[in-house]
Amino acid sequence: MDIDRIAELARLDLSPDERARYGRELEGILAHFERLQSLETVDGASAFHLEAIERDDEPVDSPPRDELLRGAPSHDGEHYEVPRVIASE
Amino acid sequence: MSWESVIGLEVHVQLETKTKLFCGCRTSFGESPNSQTCPVCSGHPGVLPVLNRQAVDLALRFGLALGCEIPEVTKFDRKNYFYPDLPKGYQISQYDQPINGRGGLDITVDGQTRRIGITRAHLEEDAGKLIHVEHRPVSHVDLNRAGTPLLEIVSEPDLRTPDEALAYLKALRQIVLYLEVSDGNMEEGSLRCDANVSVRKQGQETLGTKTEIKNLNSFKHVHKAIEYEIARQIRELEGGGRIRQETRLWNDVTGETRVMRVKEGADDYRYFPEPDLPEIRITDERREAIRKQLPELPAQVRQRLIAEHGLSEYDVEVLTDERDLVLYFEDVVAGGASAKDAANWILNDIRRLLNEGDDRLTSLRIEAKALAELIALVQAGRVSTQAARKAFDRMAASGDDAESAVKALGLEQISDRGELEEKVRAVIASKPDIVEQYRGGKTKALDALMGLVMRETKGKANPGLVRQILGELLSE
Amino acid sequence: MITPETATELSRRVRNGEQSATEVLETTLSAIEKLEPSLHAFLTVEAELARRTASEVDAAIGRGEDPGPLAGVPVALKDNICTKGLPTTCGSRILDGYRPPHDATVTTRLRQAGAVLVGKTNLDEFAMGSSTENSAFGPTSNPWDLDRVPGGSSGGSAAAVSGGLVTIALGSDTGGSIRQPASLCGIVGLKPTYGRVSRFGLVAFGSSLDQIGPLTNTVADAALALSIIEGADPKDATCDTRPGDDYAAAIAARDPGRLTIGVPKDSLAEGVDPGVAAAVKASLEALEKSGAKLVEIDLPIRDIVIPTYYLVATGEASSNLARYDGVRYGERAEVEDDLQKMMCASRGRGFGAEVKRRILLGTYALSAGYADAYYRKASAARAWLAQHFAKAFESVDVIATPTSPTPAFRRGEKVQDPLQMYMCDVFSVPANLVGLPGISVPCGFDDGLPVGLQLVAPRFREATLLEAAACAEDVRAEPPPWPPHHRLGSSSEGRA
Ligand SMILES: [Mg+2]
Ligand SMILES: [Zn+2]
């Protein structure tokens, strides 16, 4: 298991110790989970059915902006503020 | 050695709903930042999405119009990636059971009509907006757009030239406008286009390595960027290089595409079914109800106009360019004008106004009914065609109806036979030399007499009637 | 007057004007003051807000109005259930100080029923754990033995009810997080059918598994709480629209004679603590003696439930926890130079060890090249499990097992071995994977520590489940004593 790649996908900073430990633990857990592979299953089958609901296209007033912004680690009163994006994407 | 280019387009169309795809926030454009957000569309802990029925209906309307395969069951999936404008850390999209499967769209280039395959058209939510701040090492996030319903329309790699790509995009925009599923406004981002471009040697079966070009936010850019990219790839290959699979950004200032991101392996979006939204069963009733309400599409309208009114292919092409123009045309005809007259006025004078103004039929001050009246006044001989143009300009500026514009400008023709006969007799009496020339076989002399009568009446005389009276009196 | 130990009796008294909501609340607040230092069941206690609510209830009663079926009943919510304007931390540093701009649907419904919210209870971080040791704000102790865990992840809610601080606490159950702590603390814990209770405002862990439910002293109280929080919610598309049943009537009309209880062959064998097996067996025999029919059933699922559960739950969790990125709320690591670094650092520092372990496992289970073998395989295994349960329910009304293979274990005993900890969930996770309702009822003791009997019923058959649970409650040898760390002290006085 490529723990570095998984940590990057999950956007988790891990110390070298953590990498070693999680790598080892997850190998062990996954080895135990191998038993699932021999089970005969039907792809895409689901355990139970849920009836979908859809909503009418009726606007609901948004809460005051401040209610959402005030909990932000950084904002300018109108926007959430984040460090500049350096890696191009 | 000649090259062939292969192009596929991915078009994101904003669906014209009042509210977002999964919450009740409004979708209006240009509002104050983060003023149209709630805990749901800003991805707060514990919130859940609830699907907007109208978005589903609009997506189905599009799919049915393009002959797409509509599945019995469609579902949503999560596309996982991190970006500050993506509040939940995943986009709710559709992966393996899109609401619209295979369909197609006809395009006409250089008189040749070709069907371009649609791979799929699925529903998904838009992301927010990341704004780069000048002079400070920070960016700003505005989530007003986050959660806006989009239809992502993916074409097959069936397009071969920039002209075809442009024609496809125009046809697509035309259709979404006809269907009223989107306002198709490219400047406001309601219609966005990415292009997948590759080249291969003529006759080669396999596809070349493709690049994806983003940021094509006008018809002009689409054409230029694809043209540039094809040339770049050919130049690269002919120079012995190779094409890397990458995402490139069109820069309109430099007129180039440049690398934005190299796709190492593939992105790992870790798609899985969205557990917060049960699968949607699309019942026959729902599908048929939407099918019944489908409006006429441009191709159908064109056929009908030619068959019903005998208009030319060219006239019909221009008339159907925008659905509003067709509706206007039909209203003018319904107001009593002949199809030919209505088409002439619309194709010349109305379009001139639109080109001069803000391009919107909705802000036009001449109602279809008023134009029909004006045409009727010409038909009845009450105003000349030339005078009618003057009246038209006044109507466009003031919103007057035809009758009042003609009155206000004093443009009404003199069609009273008695009154005109009197004037004609006076002119004949005062110009015996010209009369003589005419009688001597110089038919052009009649025009001179006509001109005199018109001058006498300040141009208001009904020219047809004057000519008729002149003819009669001179042959006495 | 001694404040009674059931919500049913409390609300009856408050509605009849026999005891004021304020008086009831003060008993609760002084109990909290007395026991919290040793239990640490709560992350926040909202005494002032609670006093205001209680006096509103009293005022309503003074005006001759009925404040609702939970009039004046102090309640506690697990701290992963959103409370507008009040801290909701999920036991995580990454949400330290977070105050949601919205209420969970259950929060609203409790308030509308006249309940008095006293505080938010401790939990394993983001409900990931079976011991409440994974809370970023310190562990909770078991009222039966302060050195032992209360179970988890709803350990704070379980300890709050078990210690007599409140009569109803809500928890959430993704793989047993209501039932297992109820079992370890000697109380009743009900996980409703998936879709019975709105999840709106429950901070998601495994969205297709999560369900909110009550922890109470009695089955009747669990039924009362369910009747208030259940039902259709336009804010949750996975919430069922059918109305609930009359559970109180089902309990009142209970008759063990018409009950067929299925007992899986392997459920009392290997891997189950002998004391637990003995208590469960005794309880089942007592039920049989009272007229219930016991049937041994074949439910050969034991080997695969843990892999299935942990792959589904962590896969969904890895996605559900992506929103904690330091952008819009919560803790941000001060890394000024680059956005991606800021996100990685905020998450790396904000999440605890178990949460990171599960995010990694879930990310892996969903990643390209592995999703088919892991996440999708596990999803398909759920359907396989559902078939086995459907077959079993052709011949039985409920299925009985221990809730947990062990009684409360010592703090620190298992926390170092994640797989061993995961194996404890073997009896509880099937109900989540198949969306079934399940309940844990106290059924006896193992060396002085409570043991729970788990009953599981078909989807939306809570009426049957609660009836069976009430029968199990009836046949207990004698009313169990209060735990040593209870509001009323250790006494053998029966529970109300
Ligand atoms: Mg997309
Ligand atoms: Zn919203």
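Biologist: How many salt bridges are there between chain A and chain C?

Modeller: Look for a Lys or Arg side-chain nitrogen within 4 Å of an Asp or Glu carboxyl oxygen. In this predicted model, the count between chain A and chain C is three. One of them joins the side chains of Glu18(A) and Lys356(C), at 2.7 Å from N to O.

Biologist: Which elements of chain A each supply at least two residues to the side that touches chain C?

Modeller: Helices H1 (3-9), H2 (16-33) and H3 (65-69) do, and so does strand E2 (80-83). H2(A) gives the largest share, ten residues. By class, that side of chain A has 30 nonpolar, eight polar and 13 charged residues.

Biologist: What area is buried between chain A and chain C?

Modeller: About 4800 Å², with 69% from carbon and sulfur atoms. In chain A, Phe33(A), Leu36(A) and Phe48(A) lose the most area to chain C; together they make up 13% of what that side buries. The contact takes 51 residues from chain A and 63 from chain C.

Biologist: Turn to chain B. Is strand E1 mostly covered or exposed?

Modeller: Buried means under 20% relative accessible area. Twelve of the twelve residues in E1(B), 3-14, are buried. Both faces are covered: Ile7(B) and Val13(B) are among those on one side, Val6(B) and Gly8(B) among those on the other.

Biologist: Which strands do bridges join to E1(B)?

Modeller: Eleven bridges join E1(B) to E11(B), residues 191-201, running antiparallel. There, Ile7(B) stands opposite Val197(B). Five bridges join E1(B) to E10(B), residues 149-155, also antiparallel. Val13(B) has Leu151(B) as its bridge partner in E10(B).

Note on methods:
Residues numbered from 1 in each chain as written. Chains lettered and ligands numbered in written order. Predicted model: local features only at pLDDT ≥ 70, side-chain atom pairs only at ≥ 80, totals over all residues. Heavy atoms only, no water. Contact = heavy atoms within 4.5 Å. Buried area = accessible area lost by both parts, 1.4 Å probe. Helix = DSSP H or I, 4+ residues; strand = E, 2+ residues; numbered from the N terminus. Nonpolar A, V, L, I, M, F, W, Y, C, P; charged D, E, K, R; others polar. Buried < 20%, exposed > 50% of the residue type's maximum accessible area, 1.4 Å probe, protein only. Pairing = 2+ DSSP bridges.
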